[in-house]
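Here is a short briefing to read with the model open beside you.

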Amino acid sequence: MTSPTQRPLTTDDVTYLVRASFGPHTRVRDSGPLTGGGYATVWWALLDDDRRVVLKLAPPAGTRLLRYERGLCAAEARYFRLVAERAQEVPVPPVLHHGTDPAYGEWLVTGMLPGRSLRELAEAGAAVDDGPARYDLGAALAALHRVTGDRFGYDGDRADGSTWRAAFTAMLDALLADAADWDVRLPVTADRLRALVGRHAGVLDEVRRPALLHFDCWDGNVLTAPGPDGRLRLRGLVDGERFLHGDPLLDLVSPLLYRRVEDEPEHPLLRGYRAAAAEPLVLDDASRRWLSLYRLHLYLLMTVEMPSRGMTALSHPGRHSRLATLLDEELAALDQE
């Protein structure tokens, strides 16, 4: 299924955008679509100089988007450049071109990193030990988190704040406003959710440093390939457009999607994180409250985005009910605190 935010492309379109990026004499030897994401249209292309690149085309102007999705193409370019400058040990694609065109709108071209995503490997039924790659991911996240921003939340004209409490509350408020705009049925009223989050918001004030976060490190965005010893290692973190600054614990939710990271203290992700982190990783009672709040935010986002991505009960059976159950679990856990 194609998301309403994704526009159809042809090989001629890709050739046009590649030449607009690198010059009129650049030749595309081969190209094809990349699947897995639901926001931008993404193709790979092999150029005449043997470079493999990734072309990401933003939704057309005027497309209805969630509030935090404004300007994501430019945000991704900023993120990759920031990581390349300040966290060089983290493998991200090099930004080769970021441009706009009257007919096509905004696009981004990056280098194409080697490897297959953890999701691809799982869907292919590959019998491999992904522990080393997940260990590497933990170490990479720890390296990202050593980078400090000027402000909490998203950059640009999106939810942010001078404190983590202010930014996180603004992020939730934006999602609730999106839910109202798109008439999304939620398993909890907005007033109850705001009241519950407000009751626990004091713990957010303990986060004093706006660390750089990827936020979207689910298995589809983690590229891997065998290392010299044959073990699966991290080769790239992609789709960085949703980056923000905040509590490092927020980045430990999406890599273990639908699970509770605090219940798996010896998971390879956490072992890698502890080995590379500048500060000890403590998963105490306060951390559990933070993580419940962050899972609540992620499951709310995944629910609210469904109509904007064209997701229905027919195209994604069980998704809404599963997310509703997970939201209820986090609400119950926070109610007991």
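How many of the seven residues of β5 are buried? Five of the seven are, so β5 is mostly covered; buried means under 20% relative accessible area, exposed over 50% and partly exposed in between, with a 1.4 Å probe and protein chains only. The model is predicted, so local features need pLDDT of at least 70 and side-chain atom pairs count only at pLDDT 80 or more, while totals for chains, interfaces and linings use all residues. Residues are numbered from 1 along each chain as its sequence is written, and side-chain values use heavy atoms, with hydrogens and water left out.

**The five-stranded sheet**

- This open sheet has the strand order β1-β2-β3-β5-β4 with antiparallel pairing. Strands (E, at least two residues) and helices (H or I, at least four) are DSSP runs numbered from the N terminus, and two strands pair if DSSP finds at least two bridges between them.
- The edges are held by β1 (28-33) and β4 (95-101); each has a single partner strand, so one side of each is left without a neighbour in the sheet.
- From one strand to the next, the twist averages 20°. For angles, axes are lines fitted to C-alpha atoms, for helices over the stretch in contact, and angles run from 0 to 180 degrees between N-to-C directions.
- Five bridges link β1 with β2 (residues 41-47) in the antiparallel sense, and Pro33 stands opposite Trp43 in β2.
- β3 and β5 run antiparallel and are joined by five bridges; Leu57 has Trp107 in β5 as its bridge partner.
- β4 pairs with β5 in the antiparallel sense over six bridges, and here Thr100 has Glu106 in β5 as its bridge partner. A hairpin of three residues connects β4 to β5.

**Helix α2 and Tyr79**

- Helix α2 (residues 72-86) lies across β3 (52-57), β4 and β5 (105-111), and runs at about 25° to β5.
- Tyr79 is a residue of helix α2. Its relative accessible area is 0%, so Tyr79 is buried.
- Setting aside neighbours within four places in sequence, Tyr79 is in contact (heavy atoms within 4.5 Å) with Leu144, Leu212, Leu213, His214, Gly240 and Phe243.
- Tyr79 and Val207 are 128 residues apart in sequence and 22 Å apart in space, C-alpha to C-alpha.

**The three-stranded sheet**

- A second open sheet to look at has the order β6-β10-β11, again with antiparallel pairing.
- At its edges stand β6 (116-117) and β11 (232-237), each with a single partner strand, so one side of each is left without a neighbour in the sheet.
- Two bridges join β6 to β10, which run antiparallel; in β10, Thr224 is the bridge partner of Arg116.
- Strand β10 (residues 222-226) and β11 also run antiparallel, joined by five bridges. Among the bridge partners in β11 are Leu232 for Pro226 and Gly236 for Leu223.
- α4 packs on this sheet and touches β10 and β11, its direction making about 40° with that of β11.
- β10 and β11 form a hairpin with five residues between them, and Gly230 in the turn has a positive phi of about 85°.
- Like β5, β10 is mostly covered: four of its five residues are buried.

**His267**

- Look for His267 in the loop between β12 (244-246) and α7 (268-276).
- With a relative accessible area of 11%, His267 is buried.
- Beyond its neighbours within four places in sequence, His267 is in contact with Arg134, Leu256 and Arg259.

**The second largest pocket**

- About 540 Å³ of space lies in the second largest pocket. On a 1 Å grid over the protein atoms alone, a pocket is an open set of points with protein on both sides within 12 Å along at least five of seven lines, and lining residues have an atom within 4 Å of a point.
- Of the 21 residues lining this pocket, the closest to its centre are Asp247, Pro248, Leu249, Glu279 and Pro280.
- The elements giving two or more residues to the lining are α4 (131-145) and α8 (285-304).
- By type, the lining residues divide into 12 nonpolar, two polar and seven charged. Here Ala, Val, Leu, Ile, Met, Phe, Trp, Tyr, Cys and Pro count as nonpolar, Asp, Glu, Lys and Arg as charged, and the others, Gly among them, as polar.

Conventions:
On a 1 Å grid over the protein atoms alone, a cavity is a set of points where a 1.4 Å probe fits but cannot get out, and a pocket is an open set with protein on both sides within 12 Å along at least five of seven lines; lining residues have an atom within 4 Å of a point. Grid points are joined across faces, edges and corners, and a volume is the space filled by probe spheres set on the points.
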